Amino acid sequence: MRGDDEDASAGTAPGDDRLTAADVAEGPLPVHVACVMDGNGRWAARRGLPRTEGHAAGEAALLDAVEGALELGIPWITMYAFSTENWRRPPDEVRYLMGFNESLLVRRRDELHEKGVRIRFAGRRDWRVPKRVLRRMDESIELTRDNRRCTLTMAFNYGGRAEIVDAVRRLVADGVRPEKVDEKAIRSRLYYPDQPDPDLVVRTSGEHRISNFLLWQIAYSELVFDEVLWPDFRRHHLFAAVRDFQRRQRRYGGVT
Ligand code: FPP
(Lines give C-alpha, C1' and ligand atoms only; values in the text may rest on other atoms or scores of the structure.)
Protein backbone atom coordinates (compact mmCIF):
# COMPACT_ATOMS: atom_id res chain seq x y z
CA MET A 1 0.00 0.00 0.00
CA ARG A 2 1.36 3.38 -0.93
CA GLY A 3 1.05 6.66 0.88
CA ASP A 4 -1.34 9.01 -0.88
CA ASP A 5 0.25 12.17 0.46
CA GLU A 6 3.70 11.29 -0.76
CA ASP A 7 4.82 10.17 -4.16
CA ALA A 8 6.64 6.94 -3.43
CA SER A 9 8.39 6.76 -6.81
CA ALA A 10 12.16 6.99 -6.77
CA GLY A 11 12.48 8.85 -10.05
CA THR A 12 12.55 12.57 -10.60
CA ALA A 13 10.45 14.69 -12.92
CA PRO A 14 11.39 18.05 -14.47
CA GLY A 15 11.20 20.74 -11.80
CA ASP A 16 11.48 18.12 -9.10
CA ASP A 17 13.89 19.25 -6.40
CA ARG A 18 14.43 15.84 -4.90
CA LEU A 19 18.05 14.85 -4.80
CA THR A 20 19.56 12.23 -7.05
CA ALA A 21 22.68 10.16 -6.49
CA ALA A 22 24.57 12.47 -8.87
CA ASP A 23 23.88 15.43 -6.56
CA VAL A 24 25.91 13.89 -3.75
CA ALA A 25 28.19 11.42 -5.52
CA GLU A 26 31.10 13.87 -5.77
CA GLY A 27 31.31 14.67 -2.06
CA PRO A 28 32.77 12.44 0.65
CA LEU A 29 30.47 9.47 1.03
CA PRO A 30 29.74 7.56 4.19
CA VAL A 31 31.20 4.07 4.13
CA HIS A 32 28.58 2.77 6.53
CA VAL A 33 25.03 4.08 6.88
CA ALA A 34 22.75 2.77 9.63
CA CYS A 35 18.99 3.43 9.68
CA VAL A 36 16.39 3.35 12.42
CA MET A 37 13.28 2.52 10.43
CA ASP A 38 10.78 4.34 12.62
CA GLY A 39 7.23 5.54 12.04
CA ASN A 40 5.47 2.53 10.53
CA GLY A 41 2.82 2.48 13.25
CA ARG A 42 2.05 6.20 12.91
CA TRP A 43 1.94 5.91 9.12
CA ALA A 44 -0.70 3.19 9.47
CA ALA A 45 -2.65 5.00 12.20
CA ARG A 46 -2.96 8.11 10.01
CA ARG A 47 -4.65 5.95 7.43
CA GLY A 48 -6.90 4.13 9.89
CA LEU A 49 -4.97 0.92 9.27
CA PRO A 50 -3.56 -1.62 11.72
CA ARG A 51 0.10 -1.04 12.68
CA THR A 52 1.09 -4.18 10.82
CA GLU A 53 0.08 -2.52 7.52
CA GLY A 54 2.67 0.13 8.30
CA HIS A 55 5.37 -2.51 8.64
CA ALA A 56 4.27 -4.11 5.37
CA ALA A 57 4.52 -0.72 3.66
CA GLY A 58 8.00 -0.30 5.15
CA GLU A 59 9.33 -3.07 2.92
CA ALA A 60 9.35 -0.86 -0.19
CA ALA A 61 11.20 1.82 1.76
CA LEU A 62 13.81 -0.67 2.89
CA LEU A 63 14.39 -1.94 -0.63
CA ASP A 64 14.55 1.55 -2.10
CA ALA A 65 17.04 2.67 0.57
CA VAL A 66 19.23 -0.30 -0.31
CA GLU A 67 18.93 0.58 -4.01
CA GLY A 68 19.97 4.14 -3.21
CA ALA A 69 22.98 2.92 -1.25
CA LEU A 70 23.95 0.66 -4.16
CA GLU A 71 23.57 3.56 -6.57
CA LEU A 72 25.97 5.60 -4.45
CA GLY A 73 28.35 2.71 -3.89
CA ILE A 74 27.94 2.68 -0.11
CA PRO A 75 29.42 -0.66 0.93
CA TRP A 76 27.86 -1.11 4.38
CA ILE A 77 24.23 -0.57 5.45
CA THR A 78 22.65 -1.58 8.72
CA MET A 79 18.90 -1.56 9.29
CA TYR A 80 17.28 -1.74 12.72
CA ALA A 81 14.49 -4.26 12.18
CA PHE A 82 13.67 -5.50 15.70
CA SER A 83 15.16 -4.54 19.03
CA THR A 84 15.65 -6.56 22.21
CA GLU A 85 12.99 -4.25 23.68
CA ASN A 86 10.47 -4.76 20.86
CA TRP A 87 9.28 -8.00 22.51
CA ARG A 88 7.28 -5.60 24.71
CA ARG A 89 5.00 -4.78 21.80
CA PRO A 90 1.57 -6.43 21.63
CA PRO A 91 1.93 -10.20 21.00
CA ASP A 92 0.02 -9.96 17.70
CA GLU A 93 2.44 -7.35 16.39
CA VAL A 94 5.48 -9.36 17.53
CA ARG A 95 4.08 -12.45 15.84
CA TYR A 96 3.45 -10.45 12.70
CA LEU A 97 6.97 -8.99 12.71
CA MET A 98 8.57 -12.44 13.05
CA GLY A 99 6.55 -13.77 10.10
CA PHE A 100 7.08 -10.58 8.13
CA ASN A 101 10.85 -10.66 8.51
CA GLU A 102 10.86 -14.31 7.55
CA SER A 103 8.74 -13.78 4.43
CA LEU A 104 10.70 -10.65 3.50
CA LEU A 105 13.83 -12.78 3.36
CA VAL A 106 12.16 -15.48 1.32
CA ARG A 107 10.72 -12.94 -1.14
CA ARG A 108 13.72 -10.62 -1.41
CA ARG A 109 16.90 -12.57 -0.86
CA ASP A 110 17.29 -13.67 -4.48
CA GLU A 111 17.04 -10.15 -5.84
CA LEU A 112 19.42 -8.84 -3.18
CA HIS A 113 21.80 -11.67 -4.04
CA GLU A 114 21.63 -10.82 -7.75
CA LYS A 115 22.54 -7.23 -6.89
CA GLY A 116 25.65 -8.37 -5.04
CA VAL A 117 24.36 -7.74 -1.53
CA ARG A 118 25.69 -9.81 1.35
CA ILE A 119 23.02 -10.26 4.04
CA ARG A 120 23.97 -10.59 7.68
CA PHE A 121 22.13 -10.36 10.99
CA ALA A 122 23.24 -8.68 14.18
CA GLY A 123 21.47 -9.66 17.38
CA ARG A 124 20.78 -12.44 19.80
CA ARG A 125 19.73 -15.80 18.46
CA ASP A 126 17.78 -16.62 21.59
CA TRP A 127 14.81 -18.91 22.22
CA ARG A 128 12.33 -16.14 21.47
CA VAL A 129 13.23 -16.03 17.77
CA PRO A 130 11.23 -18.78 16.06
CA LYS A 131 13.36 -21.59 14.60
CA ARG A 132 11.91 -21.10 11.13
CA VAL A 133 13.02 -17.44 11.17
CA LEU A 134 16.54 -18.48 12.21
CA ARG A 135 16.53 -21.02 9.37
CA ARG A 136 15.65 -18.33 6.79
CA MET A 137 18.30 -16.07 8.23
CA ASP A 138 20.93 -18.81 7.91
CA GLU A 139 19.83 -19.58 4.34
CA SER A 140 20.12 -15.91 3.38
CA ILE A 141 23.56 -15.61 4.98
CA GLU A 142 24.72 -18.73 3.16
CA LEU A 143 23.26 -17.67 -0.21
CA THR A 144 24.90 -14.25 -0.15
CA ARG A 145 28.07 -14.92 1.83
CA ASP A 146 30.48 -14.24 -1.06
CA ASN A 147 28.89 -10.97 -2.19
CA ARG A 148 30.94 -7.86 -1.53
CA ARG A 149 29.24 -5.02 -3.39
CA CYS A 150 27.38 -4.11 -0.24
CA THR A 151 26.82 -5.72 3.15
CA LEU A 152 23.29 -5.32 4.47
CA THR A 153 23.13 -6.07 8.17
CA MET A 154 19.68 -6.50 9.62
CA ALA A 155 19.76 -5.70 13.32
CA PHE A 156 17.25 -8.25 14.53
CA ASN A 157 16.59 -9.01 18.19
CA TYR A 158 19.40 -6.51 18.52
CA GLY A 159 20.25 -4.25 21.44
CA GLY A 160 23.37 -2.15 21.77
CA ARG A 161 23.60 -2.90 25.49
CA ALA A 162 23.04 -6.61 24.88
CA GLU A 163 25.85 -6.57 22.31
CA ILE A 164 28.23 -5.02 24.83
CA VAL A 165 27.11 -7.50 27.51
CA ASP A 166 27.74 -10.35 25.06
CA ALA A 167 31.21 -8.97 24.28
CA VAL A 168 32.02 -8.75 27.99
CA ARG A 169 30.80 -12.32 28.50
CA ARG A 170 33.19 -13.42 25.77
CA LEU A 171 36.04 -11.50 27.37
CA VAL A 172 35.40 -13.28 30.63
CA ALA A 173 35.01 -16.66 28.93
CA ASP A 174 38.29 -16.05 27.12
CA GLY A 175 39.97 -15.45 30.46
CA VAL A 176 41.19 -11.96 29.53
CA ARG A 177 42.95 -10.39 32.52
CA PRO A 178 41.66 -6.94 33.64
CA GLU A 179 44.85 -5.15 32.59
CA LYS A 180 44.43 -6.59 29.09
CA VAL A 181 40.90 -5.21 28.67
CA ASP A 182 41.01 -2.30 26.26
CA GLU A 183 38.85 -0.99 23.41
CA LYS A 184 40.44 -3.37 20.94
CA ALA A 185 39.66 -6.35 23.18
CA ILE A 186 36.01 -5.31 23.40
CA ARG A 187 35.63 -4.33 19.75
CA SER A 188 37.01 -7.65 18.59
CA ARG A 189 34.21 -9.38 20.51
CA LEU A 190 31.30 -7.35 19.10
CA TYR A 191 28.96 -9.16 16.71
CA TYR A 192 30.83 -7.99 13.58
CA PRO A 193 34.33 -6.73 14.36
CA ASP A 194 35.07 -6.43 10.63
CA GLN A 195 32.31 -3.86 10.14
CA PRO A 196 33.40 -0.21 10.14
CA ASP A 197 31.57 2.07 12.56
CA PRO A 198 28.63 3.90 10.96
CA ASP A 199 29.61 7.29 9.56
CA LEU A 200 25.96 8.24 9.33
CA VAL A 201 22.90 7.19 11.32
CA VAL A 202 19.50 8.16 9.94
CA ARG A 203 16.36 7.97 12.08
CA THR A 204 13.00 8.67 10.53
CA SER A 205 9.68 9.84 11.99
CA GLY A 206 10.99 12.87 13.85
CA GLU A 207 12.10 11.02 16.98
CA HIS A 208 15.47 12.24 18.20
CA ARG A 209 16.86 9.25 20.00
CA ILE A 210 19.01 6.20 19.49
CA SER A 211 16.85 3.54 21.19
CA ASN A 212 19.70 1.16 21.98
CA PHE A 213 21.08 1.00 18.43
CA LEU A 214 24.80 0.29 17.90
CA LEU A 215 25.80 2.02 21.12
CA TRP A 216 29.49 1.16 20.90
CA GLN A 217 29.80 1.87 17.20
CA ILE A 218 28.11 5.28 17.01
CA ALA A 219 30.60 7.08 19.26
CA TYR A 220 31.53 9.44 16.40
CA SER A 221 28.71 8.87 13.91
CA GLU A 222 26.92 11.81 12.36
CA LEU A 223 23.22 11.70 13.24
CA VAL A 224 20.48 12.82 10.88
CA PHE A 225 16.85 12.93 11.97
CA ASP A 226 14.21 13.10 9.28
CA GLU A 227 10.51 13.81 9.81
CA VAL A 228 9.45 11.35 7.12
CA LEU A 229 7.67 8.22 8.36
CA TRP A 230 9.57 5.10 7.37
CA PRO A 231 7.04 3.76 4.78
CA ASP A 232 7.43 7.05 2.87
CA PHE A 233 11.23 6.93 2.95
CA ARG A 234 12.82 6.67 -0.49
CA ARG A 235 16.35 6.90 -1.78
CA HIS A 236 16.13 10.68 -2.19
CA HIS A 237 15.75 10.91 1.60
CA LEU A 238 18.95 8.91 1.90
CA PHE A 239 20.68 11.24 -0.55
CA ALA A 240 19.47 14.24 1.48
CA ALA A 241 20.90 12.66 4.64
CA VAL A 242 24.18 12.12 2.81
CA ARG A 243 24.18 15.77 1.78
CA ASP A 244 23.71 16.75 5.45
CA PHE A 245 26.58 14.43 6.30
CA GLN A 246 28.77 16.13 3.71
CA ARG A 247 28.20 19.47 5.44
CA ARG A 248 29.35 18.21 8.82
CA GLN A 249 32.83 18.70 10.14
CA ARG A 250 34.09 15.56 11.83
CA ARG A 251 36.70 16.19 14.48
CA TYR A 252 36.82 13.01 16.56
CA GLY A 253 37.65 15.08 19.60
CA GLY A 254 40.52 16.88 17.91
CA VAL A 255 40.68 20.25 16.20
CA THR A 256 40.63 21.10 12.53
C1 FPP B 1 13.57 1.79 17.37
O2 FPP B 1 12.48 2.34 17.95
C3 FPP B 1 13.15 1.33 16.06
C4 FPP B 1 13.31 0.06 15.68
C5 FPP B 1 13.92 -0.98 16.54
C6 FPP B 1 12.86 -0.30 14.34
C7 FPP B 1 11.69 -1.17 14.41
C8 FPP B 1 11.24 -1.44 13.03
C9 FPP B 1 10.29 -2.27 12.75
C10 FPP B 1 9.59 -3.02 13.83
C11 FPP B 1 9.81 -2.46 11.36
C12 FPP B 1 10.77 -3.17 10.54
C13 FPP B 1 10.41 -2.90 9.18
C14 FPP B 1 10.91 -3.54 8.10
C15 FPP B 1 10.54 -3.07 6.77
C16 FPP B 1 11.80 -4.73 8.25
P17 FPP B 1 11.67 1.64 19.10
O18 FPP B 1 10.23 1.81 18.81
O19 FPP B 1 12.17 0.24 19.31
O20 FPP B 1 12.16 2.50 20.35
P21 FPP B 1 11.45 3.73 21.06
O22 FPP B 1 10.40 3.14 21.93
O23 FPP B 1 12.57 4.40 21.79
O24 FPP B 1 10.88 4.61 19.95
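Tutor: α3 and α4 are roughly parallel to each other, because their packing angle of about 30° falls under 35 degrees. This is a predicted model. The axes of α3 and α4 lie 11 Å apart. Their crossing is right-handed.

Look at the contact residues. From α3 come Arg 51, Thr 52, His 55, Ala 56, Glu 59 and Leu 63. α4 answers with Glu 93, Tyr 96, Leu 97, Phe 100, Leu 104 and Arg 108. By class, this contact holds 6 nonpolar, 2 polar and 4 charged residues.

Now take the other partner, α8. α3 covers residues 51-72, and α8 covers residues 235-247. These two helices pack at about 50°, with axes 8 Å apart. That angle makes α3 oblique to α8. The crossing of α3 and α8 is right-handed as well.

On the α3 side, the residues that meet α8 are Asp 64, Ala 65, Glu 67, Gly 68, Ala 69, Glu 71 and Leu 72. On the α8 side they are Arg 235, Leu 238, Phe 239 and Val 242. The contact of α3 with α8 has 6 nonpolar, 1 polar and 4 charged residues.

The ligand is next. α3 supplies at least two residues of the shell around the ligand. So do β2 (76-83) and α4 (91-114), each with at least two.

In total, 19 residues surround the ligand. The closest are Gly 58, Tyr 80, Ala 81, Ser 83 and Ser 211. Gly 58 falls within the 51-72 range of α3. The shell divides into 7 nonpolar, 7 polar and 5 charged residues.

Finally, step back to the whole chain. The protein chain has 8 helices and 6 strands. From the N terminus on, the elements run α-β-α-α-β-α-β-α-β-α-α-β-β-α. The C-alpha trace spans about 65 × 50 × 35 Å along its principal axes. The radius of gyration is 18 Å, which agrees with the value near 18 Å for a compact globule of 256 residues.

Notes: Residues are numbered from 1 along each chain as its sequence is written. This is a predicted model: local features need pLDDT of at least 70, side-chain atom pairs count only at pLDDT 80 or more; totals for chains, interfaces and linings use all residues. Axes are lines fitted to C-alpha atoms, for helices over the stretch in contact, and angles run from 0 to 180 degrees between N-to-C directions. Helices (H or I, at least four residues) and strands (E, at least two) are DSSP runs, numbered from the N terminus. Angles under 35 degrees count as roughly parallel, over 145 as roughly antiparallel, 65 to 115 as roughly perpendicular and the rest as oblique. A crossing is left-handed if the near helix is turned anticlockwise from the far one by less than a right angle, and right-handed if clockwise. Two residues are in contact if their C-beta atoms, placed from the backbone, lie within 7 Å. Ala, Val, Leu, Ile, Met, Phe, Trp, Tyr, Cys and Pro count as nonpolar, Asp, Glu, Lys and Arg as charged, and the others, Gly among them, as polar. A residue is near a molecule or strand if its C-beta atom, placed from the backbone, lies within 6 Å of it. The radius of gyration is taken over C-alpha atoms; the globule rule is 2.2 Å times the number of residues to the power 0.38.
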